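Here is a short note to read beside the model. Take the points in order, and find each residue as you go.

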Amino acid sequence: MDLNALLQAFTPSWTSVVMLVVFFTYLAIAGSILPGRVVPGATLADGTRLHYRCNGLLSLLLLVCLLGISGWMNLVSPTAIADRGLELLSTTLIFSALVTFLLYMAGCRSRDQSSSLKPHISGNLIHDWWFGIQLNPQFIGIDLKFYFVRAGMMGWLLINLSVLAKCILETNLSRSMILYQLFCVLYILDYFFYEEYMTSTWDIIAERLGFMLVFGDLVWIPFTFSIQGWWLLNNEVQLTTAAIIANCLVFLIGYLVFRGANKQKHVFKKNPKALIWGRPPKVIGGKLLASGYWGIARHSNYLGDLLLALSFSLPCGISSPVPYFYPIYLFILLIWRERRDEARCAQKYKEIWAEYKKEVPWRILPYVY
């Protein structure tokens with residue numbers, strides 16, 4: 001592809017704008033009216049708690065069904081996203097920048113003193129734009145932080161399904177593509193099945209909403225996490241039976257550690273006396289869990305996340321580093337995030353954190369300081 005063709009592929013069109021508007025409008029309506037469990041969020045500094053309607057799985061299944069029926073009736077093309085990948089990427093990037101600008105302006109003008117909407121202005125324009133000013137900004141009653149991460153995860157699946165449809169129509173469906181798609185579908189469906197666990201993650205309870213999260217949710221998650229699918233669409237990989245079995249084991253171990261660790265943390269926050277692996281939990285200073293996965297290594301859920309990311313790339317073989325962009329990026333991100341989490345926890349829990357570090361000295365990976 002020459003430069004002119006590449007620039008043309010990246011140029012947004014009204015079609016891509018309409019596709020995004022329809023997608024975001026559907027999520028706003030479905031998220032507001034479809035039934036779902038209402039889950040209380042973490043208690044904020046002022047004692048208030050947000051409540052989240054966790055109907056993401058129903059919203060996703062309904063959306064996929066509607067798109068499937070529309071494709072069967074020739075109302076939409078199942079390969080529409082795959083055919084306009086770069087165009088949708090640039091359109092979503094522009095939308096993310098616009099949203100961040102509006103969030104920044106609204107935050108600067110806010111006089112609300114609640115924990116959710118109180119503006120935190122450092123005076124450094126780039127810092128405030130990147131990390132955000134308000135903790136939980138809303139629009140027409142929709143919590144934008146929770147809404148955007150839901151959009152990113154659903155967008156990832158829709159891109160993958162469109163790539164899969166294009167692969168089938170071009171009659172080049174391989175075992176590698178099937179394996180990659182299967183792992184991603186299981187991961188995304190699991191995410192929405194346990195969507196309420198998202199309400200206790202650091203992004204939701206502590207990070208303010210700025211370009212870092214908006215771009216990460218709307219652009220980074222769907223368009224970079226799907227790189228393996230795009231690569232397999234244009235490259236043939238033949239996996240041996242042994243390689244398939246090994247890949248499945250990596251996915252299974254990663255899932256057990258990732259989901260198990262996150263579930264233990266979430267349950268502990270809801271009920272500090274709940275049994276973990278059949279035993280009463282060990283708690284440091286009455287606040288920090290040191291049992292189960294959290295007694296093996298600090299941030300052990302990151303290890304599971306890294307193994308899952310690796311399992312998404314292994315179906316692509318080892319002939320190119322391109323499909324391994326996601327696990328490499330995630331490794332760098334989680335190391336950086338782990339350092340930030342450690343610093344924040346040390347500041348928040350002080351001597352309790354020091355005691356916890358003595359009890360659980362390993363970081364992410366057991367036997368690694």
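**Notes on the predicted chain**

1. Start with R340, which lies in helix α14 (residues 325-349). Helices here are DSSP runs of H or I with at least four residues, strands are runs of E with at least two, and both are numbered from the N terminus. R340 is buried, with a relative accessible area of 15%. Buried means under 20% relative accessible area, exposed means over 50%, and partly exposed lies in between (1.4 Å probe, protein chains only). Leaving aside neighbours within four places in sequence, R340 is in contact with F131, E207 and M212. Contact means heavy atoms within 4.5 Å.

2. A word on the source. This is a predicted model, in which local features need pLDDT of at least 70, side-chain atom pairs count only at pLDDT 80 or more, and totals for chains, interfaces and linings use all residues. Residues are numbered from 1 along each chain as its sequence is written, and side-chain values use heavy atoms, with hydrogens and water left out.

3. Now the whole chain. It has 15 helices and six strands. Its radius of gyration is 21 Å, close to the 21 Å that the globule rule gives for 369 residues, so the chain is as compact as a globular protein of that length. That radius is taken over C-alpha atoms, and the rule is 2.2 Å times the number of residues to the power 0.38. The C-alpha atoms fill a box of roughly 60 × 55 × 40 Å along the principal axes.

4. How much of the chain is buried? Of its 369 residues, 49% count as buried. Among contacts between residues at least 6 apart in sequence, 76% join residues at least 24 apart. The accessible surface comes to about 18,800 Å², and 68% of that belongs to carbon and sulfur atoms. Areas come from the Shrake-Rupley method with a 1.4 Å probe; for residues, only the protein chains shown count as cover.

5. Next, the salt bridges. Side chains of opposite charge can pair when their charged atoms come close. A search of the whole structure finds 13 salt bridges. Each is a side-chain nitrogen of Lys or Arg within 4 Å of a carboxyl oxygen of Asp or Glu.

6. Take E196 and R37, whose side chains meet at 2.7 Å, N to O. The pair links distant parts of the chain, 159 residues apart: E196 is in the loop between α8 (175-193) and α9 (202-205), and R37 is in strand β1 (residues 37-43). R37 is exposed, at 55%.

7. R150 and E195 form another salt bridge, at 2.9 Å, N to O. R150 lies in helix α7 (residues 144-169) and E195 in the loop between α8 and α9, so the pair ties together parts 45 residues apart in sequence. Both residues are buried.

8. Go back to helix α14 for E338. Its side chain meets that of R363 in a salt bridge (2.9 Å, N to O). R363 is in the segment after α15 (351-359), so this pair ties together parts 25 residues apart in sequence. E338 is buried, with a relative accessible area of 0%. Elsewhere, D83, K166 and E170 are linked in a network of salt bridges.

9. Finish with L57, in helix α3 (residues 56-72). L57 is partly exposed, at 23% relative accessible area. Not counting residues up to four places away in sequence, L57 touches L189, F192 and F193.
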